[in-house]
Amino acid sequence: MTKRVLVGLLLAGLVAGLAQGAVTIMVLWSGDELAAFQKVVDAFQAKTGITVRVESVGRDLPTILATRVAAGNPPDLAGMPNPGQMAEFVARGAVIPIGGIVDLGQFPKAFVDLATVDGKVYGIFISADLKSLVWYNPDALYAEGVAPATSWNELVYITQQLAGRGKTPWAVGLESGAASGWAGTDWIEDIMLRTAGPDLYDQWVAHEIPWTHPAVKRAFELFGSIVRNDAYVYGGTTGVLSINFGDSPAILWDPVPGAYLHRQATFIKSFIAGAHPQLVLDRDVGFFVFPPIDPQWGTPLLGAGDLISAFRDTPDVRAFLQYLASAEAQAIWCGALGKLATNVNVDPGIYPDRLTAQAAEILKGAEIFRFDASDLMPAAVGSGAFWKGVLDYVSGVPLDQVLQEIEAAAQAAY
Amino acid sequence: MNMGRAHWLYLAPALLLLGVFLVYPSAETIRLSFFGPRSETFVGVQNYVRAFTSRPMLIAFRNNLLWLGVFTLFTVGMGLVLAVLLDRVRYEAVIKSVIFLPMAISYVAAGVIWRFVYAFRPAVAPQIGLLNAIVVGLGGQPVGWLIERPWVNNIALIVVGVWVWTGFCMVIISAAYKGIPREMQEAARIDGANEWQVFRHVTIPFLKSTLAVVTTTMIVFVLKVFDIVYMMTNGAYDTDVIANRMYNEMFQFSNYGMASAIAVILFLAIIPFLVINVRRFRVQEAVR
């Protein structure tokens, strides 16, 4: 009898301890990312003595989180797949505002804006990826007497110059197995930001303007003016559609360069290093920011980021949020993964190479930063009709037909 | 007295299994096909209307018809020709084994293998794809086999299916062919029939029921074709088929209603061929 009581008490104590003592955070990371995040958590625990339990639920996070929020049993914090999802939870009243908790002065305004709903801030970006980059081989480019472009006109001029000499200016690869086409959506998003501005971009994401809108059409056309021109892209349009996105930049560093320019996000660095292990990245690889097109919109940056929001307001959660926002936590997280820190106080010395530090520097100066539009749209559009539309357009289908088809899918999906 | 109830007892396990694994899922799929993406709102026949009017679906229907014609014709046709011709070859077993071999490869692997065969590299680079290496070797320009629409890419995909399934058709038809009494063919020859006449008027009538079974099997397979298309193009460049569309609606776009509607349509399209198959089977059983 006493034994049973004792066991019962022990169990009750254990359950209570688990339930009360620990801060829980639900994330979709696994592998290297999860290990890096665990390092951040360990440092926080060592510092404060507060226990943090990391629940890794993988790609099903949106579903699981939505279910738990609906059941009134959310985790204390969660990684958000994107700002759109965060806004949905905000609309349900589930997420707490963090304006009074975290010092937002540590972040570029663009990242604070991205996590703002109706004037209140609901999340922090602990890291980001930058997509608006044009990669080049400095030796090859300068050998042609060409310098990085600072405007769209210059970029077009360089393209024409190189093509006029019988060289192929661009390396573009849209093939990516069942996800083929996404690399082209990034091009169009970058152009859209520079020709239509962030507000129209947001309306496009929310399907408040149709796909047949002149601004969307213009973005596709500018994309097409380079990528649909057989003389401007390696292998012509069939090459663009056949070559894998990860393989495509390698030809820039061939003994006789197959092409000179390649537009892709920061992560492509590891693909370049993989294809040409002998390269000294900081010396042999360079990039410049995808240049402005319409001067009034300047140089907005396109990317993605790791966003964290909180569902409960307790002293422990506050402490953890403050820590995640700090330069110290971001140095651990970004240093391990080569991601770009969002906290402006992070020492550039944490990055594995100067290229990454340079990208982080560009991001720090971001006036306008927008999340990858295709990630924000419903999957039937953002991971379906938009991808296929890009492939159709590059393969020669008339633009109006392409846009009408994406519009039809969007009307069914929103 | 109790006999009337006892048979239910014997049937119960089978009925239970059928109910749980066949009847319930089918009924549930039909129910979901009348609901929205999240199965929350009733939308009537809207999913079906979309399935029969939206362009991606119409393309998928067209391609399934193309598969139905070309794939079935070539697998059964080549299976028949090979079965008859190889019967007269000394190394029959070896050749038949080689032709049957692709059957042992999963479709995903077949898709990967054929992606290499069809691989495209620009004319200035060395070709890594077998087919384009041959084309360029003969002085031609490399072809985007999986990109050129509307016929080249679809035929390229169907070729993969034919490569996998011809061996199967050949083996079944060959077994039936060997069951034809030789005296019949000998008698026809003595009566002055040429080889074509023997084939047309003796061999074919004997193989009729086997050919029908093989053909319906191929048709049922071809209506459900998925792996090859998913692996090689995922339906891009107008190569989509119904089953791949269903997969994408379900697992990519989380549109359960639309995916269920497509599943029901596919199910209804296959039923007639199943009925034909079962009828034939019954007729054969009755003969025996």
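Predicted model: local features only at pLDDT ≥ 70, side-chain atom pairs only at ≥ 80, totals over all residues.

Trainee: What box do the C-alpha atoms of chain B fill along the principal axes?

Mentor: The C-alpha atoms of chain B fill a box of roughly 80 × 70 × 30 Å.

Trainee: At what angle do the axes of helix 5 and helix 7 of chain B cross?

Mentor: Helix 5 (residues 107-118) of chain B crosses helix 7 (residues 151-178) of chain B at roughly 130 degrees, and the two axes come within 10 Å. Helix 5 of chain B is therefore oblique to helix 7 of chain B. The crossing of these two helices is right-handed.

Trainee: Which residues of helix 5 and helix 7 of chain B meet?

Mentor: Helix 5 of chain B brings Tyr107(B), Ala110(B), Trp114(B) and Tyr118(B), which meet Ala156(B), Val159(B), Val160(B), Trp163(B), Val164(B) and Trp165(B) in helix 7 of chain B. By class, the residues of this contact divide into 10 nonpolar, no polar and no charged.

Trainee: How do helix 8 and helix 17 of chain A pack?

Mentor: Helix 8 (residues 182-205) of chain A packs on helix 17 (residues 379-394) of chain A at an angle of about 115 degrees, with the axes 10 Å apart. Angles of 65 to 115 degrees count as roughly perpendicular, so helix 8 and helix 17 of chain A are roughly perpendicular to each other. Their crossing is right-handed. From helix 8 of chain A, Trp182(A), Gly184(A), Thr185(A), Ile188(A), Glu189(A) and Trp204(A) meet Phe386(A), Trp387(A) and Val390(A) in helix 17 of chain A. The residues of this contact divide into 6 nonpolar, 2 polar and 1 charged.

Trainee: What area is buried between chain A and chain B?

Mentor: About 1,700 Å² is buried between chain A and chain B, and carbon and sulfur atoms give 56% of that area. Within the area that chain A buries against chain B, Ala178(A), Thr238(A) and Lys388(A) supply 24%, more than any other three residues. The contact takes 21 residues from chain A and 18 residues from chain B.

Trainee: How many salt bridges does the rule find across the interface of chain A and chain B?

Mentor: The rule finds 3 salt bridges across this interface. One salt bridge joins Arg149(B) to Asp392(A), whose closest N and O atoms are 3.0 Å apart.

How values were computed. Residues numbered from 1 in each chain as written. Chains lettered and ligands numbered in written order. Heavy atoms only, no water. Axes fitted to C-alpha atoms, helices over the stretch in contact; angles between N-to-C directions. Helix = DSSP H or I, 4+ residues; strand = E, 2+ residues; numbered from the N terminus. Parallel < 35°, antiparallel > 145°, perpendicular 65-115°, else oblique. Left-handed = near helix turned anticlockwise from the far one by under 90°. Contact = heavy atoms within 4.5 Å. Nonpolar A, V, L, I, M, F, W, Y, C, P; charged D, E, K, R; others polar. Buried area = accessible area lost by both parts, 1.4 Å probe. Salt bridge = Lys/Arg side-chain N within 4 Å of Asp/Glu carboxyl O.
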